[in-house]
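Please look over the sequence and the structure shown below before reading on. The report that follows takes up a few residues and then turns to the chain as a whole.

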Amino acid sequence: PPGACKIGAFDYATIVAACAAAVTGDLIKVGEGTFAEDFTLPDGVDLIGSGINITNIASSTAGATLTIAGNSSLRDFTINNDTGLGITCAGSGVILNNVNVSGGGAEFTDGNATMTDCNCGDLKLSGSSTIFVFGGEIETLTIGASATLKINSTVLATVSNAGTITDLSNVSRVMQADFQGAALTADATGNLSTAYNVTLTGASK
């Protein structure tokens, strides 16, 4: 609808249109509703919704619903793609805050990103990506050979189906984490650079 998205005093009917008009340093505010769009969040642009389950981005594309460039942020959204990825990101300096990603989940292929209070059905880390997780919940986690996961949380970060983790050599500085159902060996957990208040629920240790 007209005025669904705003950059300052300017209104845009779609997120795609707002992203096309945005320049580095812009803040795009998105109102409530469901947006059936696939788009790229430009470098240095911040995208803010009205809340989880209030501002929804829904897609069934075989690719990615949202492609995030570097030095940008996403906050207060629910993103769902039952066919492809909800989010793909290869940039650095990316911030996700209070975002739910369901369906195909999120994939980080390079760069670095921070996820705070995010719930992700399927999180894939590949390439040389480094992801910092603060709170939230990850249902299924896959970490590539050169990727790094860092959990450093004052709120418990939960990985509820960590069966894909067989080597924690690339998981470092884990605090306040509960890896549920994970198959982790003693040698693998020994590779953690820092481990504090880490629980392996129902896991082999």
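Predicted model: local features only at pLDDT ≥ 70, side-chain atom pairs only at ≥ 80, totals over all residues.

Asn53 belongs to the loop that runs between β6 (46-48) and β7 (55-59), and its phi is positive, at about 65 degrees, although Asn53 is not a glycine. Such a value deserves attention because most residues other than glycine have a negative phi.

Asp76 also has a positive phi, near 65 degrees, and is likewise a residue other than glycine. Asp76, however, is found in strand β9, which covers residues 73-81, and it counts as buried because its relative accessibility is 17%, which is under the 20% cut-off.

## An exposed glycine in a loop

Gly25 sits in the loop between α1 (15-21) and β3 (27-30). Is Gly25 buried or exposed? Its relative accessibility is 60%, so Gly25 counts as exposed. Gly25 and Asp43 are 18 residues apart along the chain, and their C-alpha atoms are separated by 8.8 Å.

## A buried charge without a salt bridge

Glu107 is part of strand β12, which is made of residues 106-108. Although Glu107 is buried, it has no salt bridge, and the nearest side chain of opposite charge, that of Lys124, is 5.8 Å away. Leaving aside residues up to four places away in sequence, Glu107 touches Leu85, Ile87, Thr88, Cys89, Lys124 and Ser126.

## The nonpolar core

The largest nonpolar core contains 42 residues, and Ile28 and Phe108 are the ones with the most contacts inside it. Strand β11, spanning residues 94-103, gives the most to this core, with 4 residues. In soluble globular proteins, nonpolar side chains tend to be buried together.

When residues up to four places away in sequence are not counted, the residues that Phe108 touches include Cys89, Leu96, Met115, Leu123 and Ile131, and also Lys124 and Ser126.

## The chain as a whole

The chain has 205 residues, of which 47% are buried, and it holds 2 helices and 19 strands. Its accessible surface comes to about 8600 Å², with 50% of this belonging to carbon and sulfur atoms. Among the contacts in the chain with a separation of 6 or more, 18% are between residues 24 or more positions apart.

How values were computed. Residues numbered from 1 in each chain as written. Heavy atoms only, no water. Core = buried A, V, L, I, M, F, W, Y, C linked by side-chain atoms within 4.5 Å. Buried < 20%, exposed > 50% of the residue type's maximum accessible area, 1.4 Å probe, protein only. Contact = heavy atoms within 4.5 Å. Areas by Shrake-Rupley, 256 points an atom, 1.4 Å probe, with all protein chains shown as cover. Lys, Arg positive; Asp, Glu negative; His and termini not counted. Salt bridge = Lys/Arg side-chain N within 4 Å of Asp/Glu carboxyl O.
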